[in-house]
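Hi,

Here is the structure I promised to pass on. Have a look at it first, then read my notes below.

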Amino acid sequence: MLNKASPSVIRDSRYGPPVGKRAADLPGMVGLGVAAIFPDIPKALYVEGGDVSIIRKATESALENVKIDMIRPQHTVNILTSQYGFMIMGGYAYAEMVKTIKEVIERKTGCSNIRLRVATGFRIREPEEIIRHYKLDEFFKGKASPALFLEKGVPIETELGTMYGLAKIYDADWIIHAHHGELRELDMHRMMNRAIKPFSMSYARMETRSIHHMNFGPRSSNIIPKLIFESPFVQSKFTFGCFLQTSPQGIIGVDADNDMYAIDRRLMVLAFKSYGKIRELYNEIRECIAVMDGPGEPRYMIGGGTTFGNLTEAELDLFDLDNIPVSLGYGLYQYPPHQPKLKSVNPSIKALVMNHFWLGVPQLELASHIPTILVGMDMADLVASDSMNHKFIDYVVTAGNLETAMTFARRLANTDKVIAFDGAFGAITCSEPLAEYFIERAPVVSERVDNQLMPGWLRQRGIDPATVNV
Amino acid sequence: MVEIKFLAQVDTEKCTGCGKCANVCPTQAIQVKDKKAQVEDPQCLACPNCVDICPEEAIRKIPRVEPLVFGVDYREVDQTELVELCRKAHLHPQQWLCLCTATRVRDGAAAVLKGAKTPEEIALMTGIRSGCSAYCLMTSMRLLEAYGVELEQPKGYRWYKTTQTLWNVSEEMIKKYPGYFLEEDKDVFRPF
């Protein structure tokens, strides 16, 4: 049940410091197997370090029943990707799925003008880093290109007026939506149109992303991707979606379909099964030190196969559509009457140790709500010059190395329960006392999700629990 | 108050004058003259856009000798007008205008009441858009529109005029999409 922890590799990036000692290497840290505490969470066919040919076979198999005959040899095709897929377990599974899509399309249609588009959040150079790291430009014969939120837009007429996609996303006859089912930011998507969210985020100009993020509420915002996706412009180019299916165990399969709402429904059920229990387990934590130790921004860093954002907001059941979060860090929402009070950051996190992370989103709410310790001067220098977090450095202290940071954090938080967000799937990297606590609480969590929560989540989305094999 | 400690600097040897930097500058601090990008010093808020978009890596951030300080004191404007403007924009005065700089809507509203007519002018008065440069653009446009400013789409793609909110959703759409909480979600924005 308790094994040696195995963190994900961290890719070099200009947005993060040099990689140093990892949290998993600290004395007393273990890898608590997800399968050992929740044997019913869907099992992985691929985990980091495994044979990616499994992903190739799964992608080929998933594409067998997808209609692609609208693509003619003389056409142009854009395969659309997002940066986060390349953060899942080192990104090799996502890269392999994308490469396989290209080869299958070429083989089956005779079309050779297939381009790759890599979209991202605010790290403008990140797509370049991705393309270089996975040698995607060579694979796409010089046709791999970033698609950035501030580049030229293209108007998309919707039921709610004109919105703007990225011209580079839509500059082909056809588009293929290559994505993943990792839960990521549940507070935003609430498993409503999760599968098409990138149409108002990754693939959209910053104004449209803002409409989604800021101008609508915590549930209603999810109509924006639907309006864009269903627009005549997008529908005139859309072919199919191809998704890495994930659970906290790892990659569990590949799903592809011309019908995005069919993928969305499958993703939804899978998300409840896969992530419901891990979220509830994190909700059981009463005190801990969280260690950021991976690529990306803290909110989206993986620990136990799910993102840190699911710990910072664990105390509210965000699958429940009757719950209205007041989080987001933007201060957008009131504390609704008769709703659980959600703090800006889960108060069970008593200290935060930032061993490795990347700049890239505003995240002052972390440092201003949790005692935060940066590890090393390289990290401190990066944070001090971060234009997206002007005041972050004013709220934190810096320790010389990871060991001293942990010593300080333990004194500060007065707990020996430590959890690391180090990119690991299949196991939760944590201290032995926290592992023992998780083992004790897992049966309670499992019962609560299966018998109380899951039926409600399904019913809210129009699904009869009796029809779903959960 | 927002302190800007850095400044964009162009390496004219490397610059090809492509103009990408000018199109992504949130304050129009960059002009291309004689096929070279030029940075207007006091207008540069040192956001990452030009440095990161430049295909030649010809722009870098250097420390300013003295930081530039930006900020609007919201208490200097008529508070009734300020609240009325925020109400029209459906923005709470105390919600974040710009999380990167920890600037609140009331400061942006005060900038509008003090005469800002464009998102760029709000940025140069408050110091916002010096970070991600994205989300605060939307809030700025909403404040300007609520004040009756007719936003004029700039040439190029510095920004696009599009500001739909929950309050622009028609009754017909609310009825058409009952599962999206289009009416109910209005209640979760802070009333004031």
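Into which domains is chain A divided? There are two: domain 1 covers 2–40 + 277–442, and domain 2 covers 53–271. (Domain bounds come from an automatic or database domain assignment.)

Before going on, a word on conventions. Residues are numbered from 1 along each chain as its sequence is written, while chains are lettered from A and ligands numbered from 1 in the order in which they are written. This is a predicted model, so local features need pLDDT of at least 70 and side-chain atom pairs count only at pLDDT 80 or more, whereas totals for chains, interfaces and linings use all residues. (pLDDT is the predictor's confidence in each residue, from 0 to 100.) The model scores ipTM 0.97 and pTM 0.96, and chain B averages a pLDDT of 95, with 99% of the residues at 70 or above.

**Chain A**

Back to those two domains. Their C-alpha centres in chain A lie 27 Å apart. The contact between them takes 36 residues from domain 1 of chain A and 25 residues from domain 2 of chain A. (Two residues are in contact if their C-beta atoms, placed from the backbone, lie within 7 Å.) On the side of domain 1 of chain A that touches domain 2 of chain A, helix H1 (34–37), strand S13 (306–307) and helix H11 (309–312) of chain A each give two or more residues. (Helices are DSSP runs of H or I with at least four residues, strands are runs of E with at least two, and both are numbered from the N terminus.) That side has 20 nonpolar, 13 polar and three charged residues. (Ala, Val, Leu, Ile, Met, Phe, Trp, Tyr, Cys and Pro count as nonpolar, Asp, Glu, Lys and Arg as charged, and the others, Gly among them, as polar.)

As a whole, chain A has 16 helices and 18 strands. Its C-alpha atoms fill a box of roughly 65 × 50 × 45 Å along the principal axes. Of the 470 residues in chain A, 61% are buried. (Buried means that 20 or more other C-beta atoms lie within 10 Å of a residue's own, exposed means 12 or fewer, and partly exposed is in between, with C-beta atoms placed from the backbone.)

**Where the chains meet**

That brings us to chain B: 40 residues of chain B are in contact with 45 residues of chain A. Helix H2 (49–53) and helix H6 (135–146) of chain B each supply at least two residues of the chain B side. By class, that side has 28 nonpolar, nine polar and three charged residues.

**The core**

The largest nonpolar core has 219 residues, and those with the most contacts inside it include A:Met97, A:Val353 and B:Cys50. (A nonpolar core is a set of buried Ala, Val, Leu, Ile, Met, Phe, Trp, Tyr and Cys residues joined through C-beta atoms within 7 Å.) Helix H10 (residues 260–283) of chain A gives the most to this core, with eleven residues. Leaving aside neighbours within four places in sequence, A:Val353 is in contact with residues including A:Ile289, A:Ile373 and A:Ala409.

**Chain B**

Chain B also has two domains, domain 1 (2–69) and domain 2 (74–159). Their C-alpha centres lie 23 Å apart.

Helix H5 (residues 119–126) of chain B is mostly covered, with six of its eight residues buried. The cover over the buried residues of H5(B) includes strand S1 (2–10), helix H4 (105–113) and H6 of chain B. After H5(B) comes B:Gly127, whose phi is positive, near 90 degrees.

Is B:Gln28 buried or partly exposed? B:Gln28 is partly exposed, because 16 other C-beta atoms lie within 10 Å. B:Gln28 sits in the loop between helix H1 (20–24) and strand S2 (30–33) of chain B. Leaving aside neighbours within four places in sequence, B:Gln28 is in contact with B:Gln43 and B:Glu120.

Cheers
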